[in-house]
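Hi,

Here is the structure I promised to pass on. Have a look at it first, and then read on for what turned up when I went through it.

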Amino acid sequence: MKDLSAYDAIIFDMDGTLVDSMGSHLKAWEQVCIEYGYPFDYDYMHSLGGVPTKATVALLNEQYGLDHDPEEIAIRKHDFWVAMDHDPTPIAETFAVFEQYHGKLPIGVGTGAERSHAEELLAKHGLLPRLGALVTASDVTHGKPHPETFVSVALQLGVEPTRCVVFEDTDIGRRAAIAGGMDCIMVKNGKIQD
């Protein structure tokens, strides 16, 4: 178990970091890409984990020279995701960190998911009432890799951003944490990296 006693707060990304839901999100994105004519590149789409859906659509439009409505695609992607027979569960290693430090350090979540989705997923696993802060794509002007999400979590927790550590599973999230002056611990395939 990582020793986080040097920090004053812990911030988790949600999808792919605290909850094992990235696979189903990528399947939903694959369906969207097929329907709207975007080439589907698994690695590229995974690298965009943490970027709000509408911003992801803007990036896809730019990359592939298309002009689809981000709002329409966000709704469609959400519909695909909801229709899947999936049951995202907490990721064991990061959940163990959450359990070890809950009540000892303030804990927050900063996610590129919409608020309703984040609240539903975190509540389902009993995590929502145990958080000191939750910042979602619905709460920020600039999504990851901009630091606003994580800095907002730190401010809600009442902790200087530089005194926080972030757990993330994507490079975009890592860049957001570093831009906010925070240390970042990466999580790859459910495993905390050294």
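Let me start with a helix on the sheet: α8 (residues 171–179) lies across β4 and β5 (183–188), and runs at about 170° to β5. Before going further, please keep in mind that this is a predicted model.

**The sheet**

What order do the strands of the open sheet take? There are six of them, arranged β3-β2-β1-β4-β5-β6, and the pairing is mixed. At the edges sit β3 (133–135) and β6 (191–192), each of which pairs on one side only. Another helix, α7, packs on this sheet too: it touches β1, β2, β3 and β4 (164–168), and its direction makes about 155° with that of β3.

With β1 (residues 9–12), strand β2 (residues 107–110) pairs in the parallel sense, over three bridges. Phe 12 has Val 109 of β2 as its bridge partner, and Ile 11 stands opposite Gly 108 in β2. Towards β3 there are again three bridges, and β2 and β3 run parallel. Val 109 turns up here as well, with Leu 134 as its bridge partner in β3.

Which way do the residues of β2 point? In a regular strand, side chains alternate between the two faces of the sheet. In β2, Ile 107 and Val 109 point one way, while Gly 108 and Gly 110 point the other, and all are buried.

**A closer look at α7**

Thr 149 is a residue of helix α7 (residues 148–157). Is it buried or exposed? Its relative accessibility is 2%, so Thr 149 counts as buried. Leaving aside neighbours within four places in sequence, Thr 149 is in contact with Gly 110, Thr 111, Val 135, Val 140, His 142, Gly 143 and Lys 144. Gly 110 is one of the β2 residues mentioned above.

The largest nonpolar core has 25 residues, and the ones touching the most other members are Leu 4, Ile 10, Phe 12 and Phe 167. At least two residues of this core come from each of β1, α5 (92–101), β2, α6, β4 and β5.

**Helices α1 and α3**

The 15 residues of α1 should span 21 Å at 1.5 Å a residue, and the end C-alpha atoms are 21 Å apart, which agrees. Its buried residues are Met 22, Ser 24, His 25, Leu 26, Ala 28, Trp 29, Val 32, Cys 33 and Tyr 36. What covers them includes α2, α3, α4 and α6 (115–124). After α1 comes Gly 37, with a positive phi near 80°.

At 40% relative accessibility, Glu 35 counts as partly exposed. From Glu 35 to Asp 3 is 32 residues in sequence and 46 Å in space, C-alpha to C-alpha.

α3 (residues 53–64) has 12 residues and reaches 16 Å from its first C-alpha to its last, close to the 16 Å expected at 1.5 Å a residue. Which of its residues are buried? They are Thr 53, Thr 56, Val 57, Leu 60 and Asn 61. Seen down the axis of α3, these fall within an arc of 140°, so they line one face of the helix. Their cover includes α1 (22–36), α2 (42–47) and α4 (70–83). Just after α3, Gly 65 has a positive phi of about 65°.

Last stop: Gly 49, in the loop between α2 and α3. With 10% relative accessibility, Gly 49 counts as buried. Not counting residues up to four places away in sequence, Gly 49 touches Met 22, Thr 170 and Ile 172. Gly 49 and Ala 137 are 88 residues apart in sequence, and 12 Å apart in space, C-alpha to C-alpha.

Cheers

Technical notes
Residues numbered from 1 in each chain as written. Predicted model: local features only at pLDDT ≥ 70, side-chain atom pairs only at ≥ 80, totals over all residues. Heavy atoms only, no water. Helix = DSSP H or I, 4+ residues; strand = E, 2+ residues; numbered from the N terminus. Expected span 1.5 Å × (residues − 1). Buried < 20%, exposed > 50% of the residue type's maximum accessible area, 1.4 Å probe, protein only. Arc of directions from axis to C-beta. Contact = heavy atoms within 4.5 Å. Pairing = 2+ DSSP bridges. Axes fitted to C-alpha atoms, helices over the stretch in contact; angles between N-to-C directions. Core = buried A, V, L, I, M, F, W, Y, C linked by side-chain atoms within 4.5 Å.
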